[in-house]
Amino acid sequence: MNKLNKLKISLAAARVNAEMTQEDVAKEMHVSKNTVVNWEKGKSEPTISQSRELSKLYNMPLEYIFLP
């Protein structure tokens with residue numbers, strides 16, 4: 001499994017754990033739902049600042065969201 005697949009699983013799991021929809025995350029992050037979908041599918045990655053924002057949004061440390 002490549003890094004992006006691990007990222008996809010982690011992001012989706014963190015979002016579900018936070019009881020948020022992709023639409024909720026998109027609205028909070030000021031991005032499109034398609035951007036969130038692409039992050040979760042591993043087609044793109046959030047920037048460092050977006051990663052920090054996701055960490056706060058999901059109330060999880062980054063190391064729990066983004067598996068090594």
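Which residues does Gln-22 touch, not counting residues up to four places away in sequence? In this predicted model, Gln-22 touches Arg-15, Lys-33, Val-36, Val-37 and Glu-40, where contact means heavy atoms within 4.5 Å. Gln-22 has its place in helix H2, and with a relative accessibility of 19% it counts as buried, a word used for residues under 20% relative accessible area, whereas exposed stands for over 50% and partly exposed for values in between (1.4 Å probe, protein chains only).

Because the model is predicted, local features need pLDDT of at least 70 and side-chain atom pairs count only at pLDDT 80 or more, while totals for chains, interfaces and linings use all residues. Residues are numbered from 1 along each chain as its sequence is written, and side-chain values use heavy atoms, with hydrogens and water left out.

## Overall make-up

The protein has 5 helices and 0 strands, so that its elements, read from the N terminus on, follow the order α-α-α-α-α; helices (H or I, at least four residues) and strands (E, at least two) are DSSP runs, numbered from the N terminus. Of the 68 residues of the protein, 35% count as buried. The protein exposes about 4500 Å², of which carbon and sulfur atoms supply 52%, the areas coming from the Shrake-Rupley method with a 1.4 Å probe, and for residues only the protein chains shown count as cover. Among contacts between residues at least 6 apart in sequence, 54% join residues at least 24 apart.

## The nonpolar core

In soluble globular proteins, nonpolar side chains tend to be buried together. Here the largest nonpolar core has 12 residues, namely Leu-11, Ala-14, Met-20, Val-25, Ala-26, Met-29, Val-36, Trp-39, Leu-54, Tyr-58, Met-60 and Ile-65. Such a core is a set of buried Ala, Val, Leu, Ile, Met, Phe, Trp, Tyr and Cys residues joined through side-chain atoms within 4.5 Å. The elements that give two or more residues to this core are helix H1 (3-17), helix H2 (22-29), H3 and helix H4 (48-58), and H2 gives the most, with 3 residues.

In helix H3 (residues 33-41), the buried residues include Val-36 and Trp-39, together with Val-37, Asn-38 and Glu-40. H3 is followed by Gly-42, whose phi is positive, near 80°.

Two packed helices are described by the angle between their axes and the distance between the axes. The axes are lines fitted to C-alpha atoms, for helices over the stretch in contact, and the angles run from 0 to 180 degrees between N-to-C directions.

| Helix pair | Angle | Axis distance |
|---|---|---|
| H2 and H3 | about 115° | 8 Å |
| H2 and H4 | roughly 125° | within 11 Å |

H2 and H3 are therefore roughly perpendicular to each other, whereas H2 is oblique to H4; angles under 35 degrees count as roughly parallel, over 145 as roughly antiparallel, 65 to 115 as roughly perpendicular and the rest as oblique. The crossing of H2 and H3 is right-handed, and H2 also passes H4 in a right-handed crossing, a crossing being right-handed if the near helix is turned clockwise from the far one by less than a right angle, and left-handed if anticlockwise.

Where H2 meets H3, Gln-22, Glu-23, Val-25, Ala-26 and Met-29 face Lys-33, Val-36, Val-37, Trp-39 and Glu-40 through contacts. Towards H4, Val-25, Glu-28 and Met-29 of H2 meet Gln-50, Glu-53, Leu-54, Leu-57 and Tyr-58.

## Buried serines and exposed loop residues

Ser-55 is found in helix H4 and counts as buried at 13% relative accessibility. Leaving aside residues up to four places away in sequence, Ser-55 touches Met-60, Pro-61, Leu-62 and Ile-65. Ser-10, in helix H1, counts as buried at 7% relative accessibility; Ser-10 and Glu-63 are 53 residues apart in sequence and 10.0 Å apart in space, C-alpha to C-alpha.

Glu-19, in the loop between H1 and H2, is exposed, with a relative accessible area of 74%, and has a positive phi of about 55° although it is not a glycine. His-30 lies in the loop between H2 and H3 and counts as exposed at 71% relative accessibility; this residue, not a glycine, has a positive phi of about 60°.
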